[in-house]
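Have the viewer open as you read.

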Amino acid sequence: MREALAEARAAAALGEVPVGAVIVAADGTRLGRGGNRRESEQDPSAHAELIAIREAARKLGSWRLEGATIYVTLEPCAMCAGALVLARVARLVYGAADPKAGYCGSLGDLVRDPRLNHRLEVAGGVLADECGAILRDFFAGLRRRDAPAGG
């Protein structure tokens with residue numbers, strides 16, 4: 001999760017919403033990593049998780065990420081949750097819950113839906129305070145920047 005936090009900080013430095021993700025193989029080998037790049041790439045699918053999934057698939061030479069664990073600083077949205085299922089990721093570890101867009105327990109639970117042919121093991125709340133703080137600080141900074149001068 002510490003590496004995912006580093007990816008989130010790198011995203012924030014680019015003006016991106018600070019979310020980071022790291023995928024590791026069952027033996028601990030890092031397969032992929034990423035931070036949000038929606039603004040930089042003007043791509044609505046450039047979420048940290050999808051960037052990490054793409055890198056991991058390229059590294060393995062396979063779209064099947066069986067046995068892999070993804071560490072993400074924020075609970076994945078529906079798009080990313082679906083991608084994790086389709087990539088056959090074994091385990092999701094996330095930091096802060098996302099009550100507005102999270103789809104791994106908050107608004108829904110796509111990654112553990114028994115109707116699907118693959119489900120993930122999920123552990124949420126890992127370094128949640130630190131993961132949430134980086135997001136709160138980022139958005140507080142945006143509000144200060146956008147506040148009218150002189151009150």
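Q42 is exposed, at 62% relative accessible area (exposed is over 50%, buried under 20%, partly exposed in between, with a 1.4 Å probe and protein chains only). Q42 sits in the loop between α2 (38-41) and α3 (48-60), and its phi is positive, about 50 degrees, though it isn't a glycine. R88, also not a glycine, has a positive phi of about 65 degrees and belongs to the loop between α4 (78-86) and β4 (91-96). Helices (H or I, at least four residues) and strands (E, at least two) are DSSP runs, numbered from the N terminus.

This is a predicted model: local features need pLDDT of at least 70, side-chain atom pairs need 80 or more, and totals for chains, interfaces and linings use all residues. Residues are numbered from 1 along each chain as its sequence is written, and side-chain values use heavy atoms, leaving out hydrogens and water.

## The sheet

Five strands make an open sheet with mixed pairing, in the order β2-β1-β3-β4-β5 (strands pair if DSSP finds at least two bridges between them). β2 (30-35) and β5 (121-123) are at the edges with a single partner strand each, so one side of each has no neighbour in the sheet. β4 and β5 run parallel, joined by 3 bridges, and L92 has V122 in β5 as its bridge partner.

## An aromatic pair

There's 1 aromatic pair in the structure: F138 and F139, edge-to-face, 5.2 Å centre to centre with 80 degrees between the planes. Rings of Phe, Tyr and Trp (its six-membered ring) pair with centres within 6.5 Å; planes under 30 degrees apart are stacked, over 60 edge-to-face, the rest tilted. F138 is buried at 14% relative accessibility, while F139 is partly exposed at 33%.
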